Amino acid sequence: MRAVQVQEYGGPEVLRTVETEVPEPGPGQVSVDVAYTGVNFADLKARGEGYRVPSLPFVPGLEVSGRVRALGEGVSGVEVGQEVAALTAGGAYADVVVTDATTVFPLPSGVDLRTAATLPTVLPTAYALVHAVGRLQPGETVLVQGAAGGIGTAVGQLAKAAGASGVFGVVSGAAKAKYALDHGYDDVFVVPSTTDSVQFVDEVRAATGGRGVDLALDPVGGETFRASLASLAVFGRLVSFGNASSAEPWQVGQPELYPTGLSVSGFSILTLAQTAPGALRALTEKAFAAVAEGVVSLPVTAEFPLEEASEAHRLMGGRTSTGKLLLRVA
């Protein structure tokens, strides 16, 4: 079968399509004939920095749609040939992928394989940020970094559906701002570089009458994390769900939190899959239901054949992409 491997860390050019053995599922696992693979920023960090890479060579990719190929011992709830979406620990840039049965989900009614490939990482993460971790309440306000990306696109719609009185986004360019305004955002602040991140604090304060936002969602880290914290209202909440800046891990304590009763939490869908698969499954089922009910949609804005994975990485790495990028496999 075909697989796209990282044999050395570097730019998009290190992604190489190779022929390799078809993997077989072990106990509690499922193999899937892949139709589409979602491209995520975590894939770029794996390729360039070794993020969550156990060893080389490595096949990136965290989410797929396709049909069940084979079942490992003890697996129930899905059948060979059934259309599914799946979250994986890696290996999804390939014709066949093996993953734990707990992260394989039958497709909701009316959801096709192309749409399904956008769901396994983005939708549960967005749903958790708004509901399970962020605990957004009707009438509250929310600030979202990366508002035009996959997670940002879903969060804008989910926050609006949850009754947020103000949904504010931060993006890197005017075209992204226009896109975000079409997907649930009330106002979008353009910050061309993360080094300019402090500038959005004043804009947030102005947009909220000096109050700040109730909930801030940050996948960037570093100075952007600090600026998001400074954008919070009294009793505000900040959720960190990534470190795209590759800055030193954030640290925050009593001096920052005590004065106005702030709280900071974190979320990682990949870690949740390892530590609390039951909670992940419940979360994913709720997120998929929101798609089936038409509450949220995630546009596919670019699609590449598997052999052109490097081009997908160049597009995402250039900070010009919006929505969701896919690799077409089958």
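This report describes the sheets, helices, loops and selected residues of a predicted model.

## Basis of the model

Because the model is predicted, local features need pLDDT of at least 70 and side-chain atom pairs count only at pLDDT 80 or more, while totals for chains, interfaces and linings use all residues. Residues are numbered from 1 along each chain as its sequence is written, and side-chain values use heavy atoms, with hydrogens and water left out.

Helices (H or I, at least four residues) and strands (E, at least two) are DSSP runs, numbered from the N terminus.

## The parallel sheet

Six strands make up an open sheet with parallel pairing, in the order S10-S9-S8-S11-S12-S13. Two strands pair if DSSP finds at least two bridges between them. Strand S10 (187-190) and strand S13 (263-266) are the edge strands, each pairing on one side only. From one strand to the next, the twist averages 20°.

Strand S12 (residues 232-240) pairs with S13 in the parallel sense over four bridges. Arginine 237 has serine 263 in S13 as its bridge partner. Helix H5 (residues 174-181) lies across strand S9 (166-171) and S10, and runs at about 165° to S10. Angles run from 0 to 180 degrees between N-to-C directions, and axes are lines fitted to C-alpha atoms, for helices over the stretch in contact.

## Antiparallel pairing of S3, S4 and S5

Strand S3 (residues 29-39) pairs with S4 in the antiparallel sense over seven bridges. Valine 32 is opposite valine 68 in S4. S4 is also joined to strand S5 (residues 83-87) by five bridges, and these two strands run antiparallel. Here the bridge partner of valine 64 is alanine 86 in S5.

In a regular strand the side chains alternate between the two faces of the sheet.

## Helix H4

Helix H4 (residues 150-161) has twelve residues, which at 1.5 Å a residue should span 16 Å; the end C-alpha atoms are 17 Å apart, in agreement. The expected span is 1.5 Å times one less than the number of residues in the helix.

H4 is mostly covered, with nine of its twelve residues buried; buried means under 20% relative accessible area, exposed over 50% and partly exposed in between (1.4 Å probe, protein chains only). Among the buried residues are Gly150, Gly152, Val155, Gly156 and Leu158. The buried residues of H4 pack against H3, strand S8 (141-145), S9, H5, strand S11 (213-218) and H10, where contact means heavy atoms within 4.5 Å. Just after H4, glycine 163 takes a positive phi of about 95°.

## Packing of H3 and H10

Two packed helices are described by the angle between their axes and the distance between the axes. For helix H3 (residues 122-132) and helix H10 (residues 277-292), the angle is about 100° and the axes are 9 Å apart. H3 and H10 are therefore roughly perpendicular to each other. Angles under 35 degrees count as roughly parallel, over 145 as roughly antiparallel, 65 to 115 as roughly perpendicular and the rest as oblique.

On the H3 side the contact involves Leu123, Pro124, Tyr127, Ala128 and Ala132, which meet Leu283, Thr284, Lys286, Ala287 and Val291 in H10. The residues of this contact divide into eight nonpolar, one polar and one charged (Ala, Val, Leu, Ile, Met, Phe, Trp, Tyr, Cys and Pro count as nonpolar, Asp, Glu, Lys and Arg as charged, and the others, Gly among them, as polar).

## Two buried residues

Threonine 284 is placed in helix H10 and counts as buried at 1% relative accessibility. Not counting residues up to four places away in sequence, threonine 284 touches Phe105 and Pro124.

Phenylalanine 267 is in the loop between S13 and helix H9 (269-275). With a relative accessible area of 13%, phenylalanine 267 is buried. Beyond four places away in sequence, phenylalanine 267 touches residues including Ala128, Leu129, Ser240 and Leu283. Phenylalanine 267 and serine 240 are 27 residues apart in sequence, and their C-alpha atoms are 6.5 Å apart in space.

## Loop backbone

The loop between helix H1 (41-49) and strand S4 (63-71) holds proline 57. The peptide bond from leucine 56 to proline 57 is cis, with omega near -5°. Arginine 52 is found in the loop between H1 and S4, and its phi is near 60°, a positive value in a residue other than glycine. Arginine 52 is partly exposed, with a relative accessible area of 34%.

Serine 246, in the loop between S12 and helix H8 (254-257), has a positive phi of about 60° although it is not a glycine. Serine 246 is partly exposed, at a relative accessible area of 36%.
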